[in-house]
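Subject: Structure handover

Hello,

Here is the structure I promised to pass on.

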Amino acid sequence: MDALPTANTEITQFFRQWLETFAGYVREVDYASARPLFHPDVLAFGTHNDVIPGLDKWVTTQWDNVWPKTTDFRFVLEQTSVLASPDGMMAIVIAPWTSTGYHPDGNPFPRPGRATMVFSRNADGWLCMHSHMSLNRGVPQVSHANRPVKA
């Protein structure tokens, strides 16, 4: 059997930087900066919904329920895998992440999870077409921070 189609160094480095950039937007609760990273018709899965069609719905049903209510979001880059099609036009990123959640009394708790994202490349660059981000088992589903959204 053939090995998995591991991305070349250039594509892998691009997506490691993409993850760092996106994680920074999550930490800053900066929706406006994060939106251009995704196709407007992105199909997403998340903790709060099954299939979420489109970026606008994803923002209101998932981002609003998570980004302002957590802190310290980061991808674990040393455990991230990047796969790419032989023609370099599609890529899949598989990455664990960490964050901090908050109980109703304000006490923090570790909030780890994992993500799978599918990207397509066009003349303008890479866009995420599918994202599945979910919490690890046993992690509380709700966090109670209340940070302001930038845009």
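Start at the N terminus: the elements of the protein chain run α-α-β-β-α-β-β-β-β-β-β. That makes three helices and eight strands. Please keep in mind that this is a predicted model.

**Overall build**

The protein chain has 151 residues and a radius of gyration of 15 Å, which agrees with the value near 15 Å for a compact globule. Along the principal axes, the C-alpha atoms fill a box of roughly 50 × 30 × 25 Å. Buried residues make up 44% of the chain. Now take the contacts with a separation of 6 or more: 58% of them join residues 24 or more positions apart.

The accessible surface comes to about 8,200 Å². Carbon and sulfur atoms hold 54% of that surface. As for charge, there are 12 positive and 14 negative side chains. The centres of these two sets lie 6 Å apart.

**Helix α3**

Helix α3 spans residues 55–66. Its buried residues are Leu 55, Trp 58, Val 59, Thr 61, Gln 62, Trp 63 and Val 66. In an α-helix there are 3.6 residues a turn, so residues three or four places apart point the same way.

What covers the buried residues of α3? The cover includes two helices, α1 (9–28) and α2 (31–34). It also includes the strands β1 (38–45), β2 (52–53) and β8 (125–135).

Thr 60 lies in this helix too. Thr 60 counts as partly exposed, because its relative accessibility is 48%, between the limits of 20% and 50%. The side chain of Thr 60 reaches the backbone oxygen of Lys 57 at 3.2 Å. For a sense of distance, take Thr 60 and Phe 22: they are 38 residues apart in sequence and 17 Å apart in space, C-alpha to C-alpha.

**Two buried threonines**

Thr 71 is found in strand β3, residues 71–75. Is Thr 71 buried or exposed? It is buried: its relative accessible area is 16%, and the cut-off is under 20%. The side chain of Thr 71 makes a polar contact with the side chain of Asp 72, at 3.2 Å. Beyond its neighbours within four places in sequence, Thr 71 is in contact with Ser 99, Thr 100, Tyr 102 and Arg 147.

Thr 80 sits in the loop between β3 and β4 (81–84). Thr 80 is buried as well, with a relative accessible area of 10%. Its side chain reaches the backbone oxygen of Val 76 at 2.9 Å. Which residues does Thr 80 contact, leaving aside its neighbours within four places in sequence? They are Arg 16, Leu 19, Val 93, Ile 94, Ala 95 and Pro 96. Of these, Arg 16 and Leu 19 fall within the residue range of helix α1 (9–28).

Pro 140 lies in the segment after β8. At 33% relative accessibility, Pro 140 counts as partly exposed. Pro 140 touches His 103, Phe 109 and Leu 135, not counting residues up to four places away in sequence. Leu 135 belongs to the range given for β8 (125–135).

Best wishes

Notes:
Residues are numbered from 1 along each chain as its sequence is written. This is a predicted model: local features need pLDDT of at least 70, side-chain atom pairs count only at pLDDT 80 or more; totals for chains, interfaces and linings use all residues. Side-chain values use heavy atoms; hydrogens and water are left out. Helices (H or I, at least four residues) and strands (E, at least two) are DSSP runs, numbered from the N terminus. The radius of gyration is taken over C-alpha atoms; the globule rule is 2.2 Å times the number of residues to the power 0.38. Buried means under 20% relative accessible area, exposed over 50%, partly exposed in between (1.4 Å probe, protein chains only). Contact means heavy atoms within 4.5 Å. Accessible areas come from the Shrake-Rupley method with a 1.4 Å probe; for residues, only the protein chains shown count as cover. Lys and Arg count as positive and Asp and Glu as negative; His and the chain ends are not counted. The place of a charge is taken as NZ of Lys, CZ of Arg, CG of Asp or CD of Glu. A polar contact is a pair of N or O atoms within 3.5 Å; within protein, one must be able to donate a hydrogen and the other to accept it, and residues adjacent in sequence count only if both atoms are side-chain atoms.
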